[in-house]
Amino acid sequence: MRKLVIPALSLLTVTAMACNSGSTAESSTDSTSISADTTAAMAAVEDNSNANTLTDAEKAEGWQLLFNGQNLDGWHIYKGRTSNSWVADNGTLHCLGNEKDKSDKRADLTSDSTFENFELQVDWKLAPKGNSGIIYLASEEYEAAYKSGPEYQLIDDENFPEKLEGWQKTGANYAMSDPLVAAAKPIGEWNNTRIVVNHGHVEHWLNGQKTAEYTIGSPEWKKAKASGKWKDAPGYGATKKGHIDLQDHGSEIWFKNIKIKQLK
């Protein structure tokens, strides 16, 4: 499929984003169980022919697609700035990256809709030495999405050109806690991410394994925030209902099968 670059006048820029933003045994609720749909999605992740579609069962369960596989409808550049970094390409949502600009002041892609309690599933593939993230509960009140929303970290754990702390590795609650397990596939392969936010209780899953679990506002969460990167970010974790934000950190990355189910 021909690449469809965001027109400069229709999607406007962002100077934003770094990698932003767990921890106990599994709970007994639906949020910690791996559904048959998740397993099926992981098995089919290499096949684009059925990508970006929902089954009748998924529709009945309340799932909705956030990416239609053809264009960027439903998304905009954070804070309405201008960017040509994001394209709909061969059934994927593709961030083109820029090897000369790896700063955290680039143009994230942000969902038009906001969500409060939800389960999000995303398949993604990262280029070598890449760095990106999925930010959720993001507010456009701030200069960068990561100043409000926690981040599910996506990075090349093995080949990133700088030394990584544990809280910078894939699946981590970025800058808050190390991932519980290392579950990323080798660079160049597709991964399946699952994020559950349910009344402040958050879980990160990667390829069927739980990598983070925490509760926004808990004593442990407050301690981690006060002693780490977000100690001077009053808006971090304060948004109860926010956007899904895909980070442009200068690295090439592909997303597909982006779907969300709102929870009560």
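In strand 11, E151 is the bridge partner of I135. Strand 10 (131–138) and strand 11 (151–155) pair in the antiparallel sense over five bridges. Strands here are DSSP runs (E, at least two residues), helices are runs of H or I with at least four residues, and both are numbered from the N terminus. Two strands count as paired if DSSP finds at least two bridges between them.

This is a predicted model, in which local features need pLDDT of at least 70 and side-chain atom pairs count only at pLDDT 80 or more, while totals for chains, interfaces and linings use all residues. Residues are numbered from 1 along each chain as its sequence is written, and side-chain values use heavy atoms, with hydrogens and water left out.

Is strand 11 enclosed or open? Five of its five residues are buried, so strand 11 is largely enclosed by the rest of the structure. Buried means under 20% relative accessible area, exposed means over 50%, and partly exposed lies in between (1.4 Å probe, protein chains only). E151, Q153 and I155 point one way from strand 11. Y152 and L154 point the other way.

Strand 8 (residues 109–115) has pairings too. Strand 4 (residues 75–77) pairs with strand 8 in the antiparallel sense, over three bridges. There, I77 stands opposite L109. Strand 15 (residues 242–246) also runs antiparallel to strand 8, and four bridges join the two. F115 has G242 of strand 15 as its bridge partner.

Now the charged side chains. How many salt bridges does a search of the whole structure find? It finds four. A salt bridge is a side-chain nitrogen of Lys or Arg within 4 Å of a carboxyl oxygen of Asp or Glu.

| Salt bridge | Closest N and O atoms |
|---|---|
| K259 and E58 | 2.4 Å |
| E213 and K210 | 2.7 Å |

K259 forms its salt bridge with E58. K259 lies in strand 16 (residues 253–262) and E58 in helix 2 (residues 56–61), so the pair ties together parts that are 201 residues apart in sequence. K259 counts as buried at 7% relative accessibility. E58 is buried as well, at 5%.

E143 is partly exposed, with a relative accessible area of 39%.

E213 pairs with K210 in a salt bridge. Both residues, E213 and K210, are buried.
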